[in-house]
Amino acid sequence: MLSALFFSIVPSIVISWSETGVMRQVVSMLTLLAVTAMMFILEKEKLEFPQAGRALKLFASGALASFVYVAASGGIVGSVDENVPGWFIGLVFVDTVALIPFYEEKLVRGLLLRGLARLTGNISAVAITAVLFALVHKGNEASAFAGGLALAWLAIYKNCGVVDRSIIHGAWNMVPVVWIIISAASSSPGQAI
């Protein structure tokens with residue numbers, strides 16, 4: 001439990017020291033890579049990658065669930081600044097779809113969920129981590145709570161590993177990001193994103 005607290009605070013502190021814009025995004029990505037690697041090293045956990053067919057099914061299930069949620073909630077309101085270069089949008093995309101899900105799955109549904117399950121039992125741990133996950137996703141609480149419940153349930157009751165959950169989580173995150181990019185591209189014809 002203390003390691004979960006440590007690994008949730010350190011990235012926030014390091015990222016807060018960086019400037020805004022491109023540098024902050026790069027620092028965020030490097031910090032998440034380093035912290036996630038440290039979590040795996042300290043726990044001596046092996047990464048188990050699914051076969052291609054299973055990975056595709058996991059990705060499709062996360063994307064489909066997110067698409068249904070986004071469509072049922074009326075879409076996503078967001079914008080892309082037209083002055084932002086395409087490569088930076090690509091950086092944010094990689095961060096949102098790959099790095100952040102991997103970090104959050106290891107931290108929340110790995111360290112925190114397992115620690116809480118030992119203290120409070122499985123059902124309470126699933127509920128508590130889903131609520132905490134929702135609270136840190138300001139403005140997106142309902143979606144984060146639903147996803148947090150589903151991913152915690154998969155971790156506890158289906159023994160779904162961190163890589164499998166990260167694929168689902170990344171696909172879930174991808175849908176609103178792509179939705180915003182497509183919306184921005186269609187609202188400003190002729191501008192490259």
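Helices α1 and α2 cross in a right-handed sense. The model is predicted.

**α1 with α2**
- Helix α1 spans residues 2–17 and helix α2 spans residues 22–43.
- Their axes come within 9 Å and cross at roughly 155°.
- Angles over 145 degrees count as roughly antiparallel, so α1 and α2 are roughly antiparallel to each other.
- From α1, the contact uses F7, V10, P11, V14, I15 and S16.
- These meet R24, V27, S28, T31, L32, V35, M38, M39 and L42 of α2.
- By type, the α1–α2 contact residues divide into 11 nonpolar, three polar and one charged.

**α4 with α5**
- Helix α4 (residues 86–120) packs on helix α5 (residues 122–135) at an angle of about 140°.
- The axes of α4 and α5 are 8 Å apart.
- That angle makes α4 oblique to α5.
- The crossing of α4 past α5 is right-handed.
- On the α4 side, the contact is made by E104, V108, R109, L112, L113, L116, A117 and T120.
- On the α5 side, it is made by N122, S124, A125, V126, I128, T129, L132 and F133.
- The α4–α5 contact residues comprise 10 nonpolar, four polar and two charged.

**N159**
- N159 sits in the loop between α6 (141–157) and α7 (162–187).
- Its phi is positive, about 50°, although N159 is not a glycine.
- Most residues other than glycine have a negative phi.
- N159 has 66% relative accessibility and therefore counts as exposed.

Notes:
Residues numbered from 1 in each chain as written. Predicted model: local features only at pLDDT ≥ 70, side-chain atom pairs only at ≥ 80, totals over all residues. Heavy atoms only, no water. Axes fitted to C-alpha atoms, helices over the stretch in contact; angles between N-to-C directions. Helix = DSSP H or I, 4+ residues; strand = E, 2+ residues; numbered from the N terminus. Parallel < 35°, antiparallel > 145°, perpendicular 65-115°, else oblique. Left-handed = near helix turned anticlockwise from the far one by under 90°. Contact = heavy atoms within 4.5 Å. Nonpolar A, V, L, I, M, F, W, Y, C, P; charged D, E, K, R; others polar. Buried < 20%, exposed > 50% of the residue type's maximum accessible area, 1.4 Å probe, protein only.
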